[in-house]
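I opened my notebook to look up a few local details in this one. Here is what I wrote down as I went.

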Amino acid sequence: MAAWNIVVLTQGFASGCKSFAVVPLRVHQTSMAVEIVRVAVVVLSYWTISITMVFANKYLVGDKSSDDISLFVSWVQCIATVVLLFAFNFARAVYTKNLESAKISYSTITARPVLQMAFCFVLMLSFNNMCLKLVGVSFYQVARSTTIIFVVIFSVTILKKAVSKWIVGCCCLVATGFFLGIDQEKVMGSLSVQGVGFGVASSIFIALTGIFTKTALDVFDRNEVKLTLCTNAIAIVVFIPVILLTGQFSSAISSGQLSDVYFWVFLSISGILGTLMAWISAVQINVTSPVTHHISANSKAILQTLIAVVYYHEVKSSLWWISVFLVVIGACSYAIRRYHEEKTPVQATEQIDIEKNMGEIEKQNSQVV
């Protein structure tokens, strides 16, 4: 590279200043190539971790006929996330020789915004895994596709913000795909009304968590690691009486899965992947943008659906596939439209924050992918 630059500079003295443009152009092209590779690696890593996470969770929660231990799985995943993030938070404090930075006060943990977000997170995670148990991986994305619709609804009802006709149109596209998918699942005899209900409930609390994330982050001075750590720690406590009262702890013991080596392997993997999802999602947003992250997540859903159909040897109708694409196109169109609207000065700051937080949640709370 050094020799090449010397040749160009030598030619520059002979042929004029125009030759000097070759050097920065070559450097610019190289930097662009490096950036493209970096983005590709990050996106591919996100897709790999996210898809693996879904299939690992499906293995753990089982199908309709097996004992329901979905909440028990959620509880163990929260424990794994807390252990890993606590170790990371402490190691960072030791490395920076600032042990005070690792401390989290009781008043911070019990702050109202944090408890609000933790409450929504517990319900979001619970309904998500219960949905995954009752629906196939191939239909999982469609069953939870109403998240965007509830983001818009809560923006209007809670934040009192107006939405454009374009955004409403995108939501209608998603809703069309959602109801068409339900109809086709019914035609094929694989519809779980309860599973779809859990998917809608999960979407509601994903949207609410997005709204509460901003105020909760302010409590922690925008420290996502501490927020995620505390949210999962609170979830661990909340899940204990729930899994006992629902009998899922007893089911986990009687089912014999706790003595299954593969079950613990997948459970450990899902816990690690959950923490990695928080990291890789944040990285993807940083190297691209919140909008690109949304598009990447929805594009990943198509590949995830294709893999699920092939892996489980499923046969789907043309209308079923159309429903999937309608949901994905609607979600991507929504993200692109929001990006253009955010460029105008009249857009509300709160709405922009929701879009960014929505991106952080899917990742920060790993278990929901």
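**Before I start.** I'm reminding myself that this is a predicted model.

**Helix pair.** I looked up how helix α7 (residues 147-157) sits against helix α8 (residues 165-187). Two packed helices are described by the angle between their axes and the distance between the axes. For α7 and α8 I get an angle of about 145°, and the axes are 9 Å apart. I also noted that α7 passes α8 in a left-handed crossing. Which residues make the contact? From α7 I listed I148, I149 and V152, and from α8 I listed I167, C171, V174 and A175.

**Surface patch.** I found a nonpolar surface patch of about 450 Å², made by L303, L306, I307, Y311 and Y312. I picked out I307, which lies in helix α13 (residues 290-311). Is I307 buried or partly exposed? Its relative accessible area is 34%, so I put I307 down as partly exposed, because that label covers values between the buried limit of 20% and the exposed limit of 50%.

Then I went looking at backbone angles. K97 isn't a glycine, yet it has a positive phi of about 55°. I traced K97 to the loop between α3 (70-95) and α4 (106-109). With 77% relative accessibility, K97 counts as exposed.

H313 isn't a glycine either, and its phi is positive at about 55°. I located H313 in the loop between α13 and α14 (318-342). At 71% relative accessibility, I wrote H313 down as exposed, because exposed means over 50%.

Key
Residues numbered from 1 in each chain as written. Predicted model: local features only at pLDDT ≥ 70, side-chain atom pairs only at ≥ 80, totals over all residues. Heavy atoms only, no water. Patch = residues over 30% accessible without salt bridge, like charges linked within 9 Å, V, L, I, M, F, W, Y side chains within 5 Å. Areas by Shrake-Rupley, 256 points an atom, 1.4 Å probe, with all protein chains shown as cover. Salt bridge = Lys/Arg side-chain N within 4 Å of Asp/Glu carboxyl O. Helix = DSSP H or I, 4+ residues; strand = E, 2+ residues; numbered from the N terminus. Buried < 20%, exposed > 50% of the residue type's maximum accessible area, 1.4 Å probe, protein only. Axes fitted to C-alpha atoms, helices over the stretch in contact; angles between N-to-C directions. Left-handed = near helix turned anticlockwise from the far one by under 90°. Contact = heavy atoms within 4.5 Å.
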